[in-house]
Amino acid sequence: MSVNWGFVGSSGWVRSTFAPSVLKAGHRVGGAFGSSTAGSADFAAELGGTAYRSLDELIADPTLDALWIASPTGLHEQHVRDAARTGKALLIEKPLAPDDAGAERIAEGLSGGTAFVAMGF
C-alpha cells in the first residue's frame, strides 16, 4: 500500500529528509503547508504535490492518507488538534510540545480518537 503524505511544514528537515524518505520508501508526497506560500510552492515544485495555502486546506484534502506534523514545536498543539479531527493517521515530530502541560493537553485531545498517531524519533 502506498501512503499519500501531507506535511505541516515545508522547509528544514521536512524538505531535506522527511519528504525524500517518504518517496524513497515508495510512498507519495501529497504536498505541504508551510509558514509561507512561497516556501510551500518551492516544496511542491521540488518534491511534488500541492502547495496548500492553509492548514485547513491541507487537512481537508481527501486524497491525503496521513499527515506529518513537522511545524515549530510551539504550534504542535493547535496543528495536532485540528489534524486529529480528520481521522487521518498522524506522525508528530519531536518534541511533542514545548512543556509538559502542552504535551498533556495534546495527549488528552487525542485520547478516544480514531486516528492512528505516532511520534517521530
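## Basis

Helices (H or I, at least four residues) and strands (E, at least two) are DSSP runs, numbered from the N terminus. The model is predicted: local features need pLDDT of at least 70, side-chain atom pairs count only at pLDDT 80 or more, and totals for chains, interfaces and linings use all residues. Residues are numbered from 1 along each chain as its sequence is written, and side-chain values use heavy atoms, with hydrogens and water left out.

## Gly 74

Gly 74 lies in the loop between β4 (66-69) and α4 (76-84). Gly 74 counts as exposed because its relative accessibility is 59%; exposed means over 50% relative accessible area, buried under 20%, and partly exposed in between (1.4 Å probe, protein chains only).

## Helix α2

In helix α2 (residues 37-47), Gly 39, Ser 40, Phe 43, Ala 44 and Leu 47 are buried. They are on the same side of α2 because they cover an arc of only 135 degrees around the axis, the arc being that of the directions from the helix axis to the C-beta atoms. Exposed Thr 37 and Ala 45 sit on the face of α2 turned away from the buried side.

The buried residues of α2 pack against β1 (4-8), α1, β2 (28-33) and β3 (50-51), where contact means heavy atoms within 4.5 Å.
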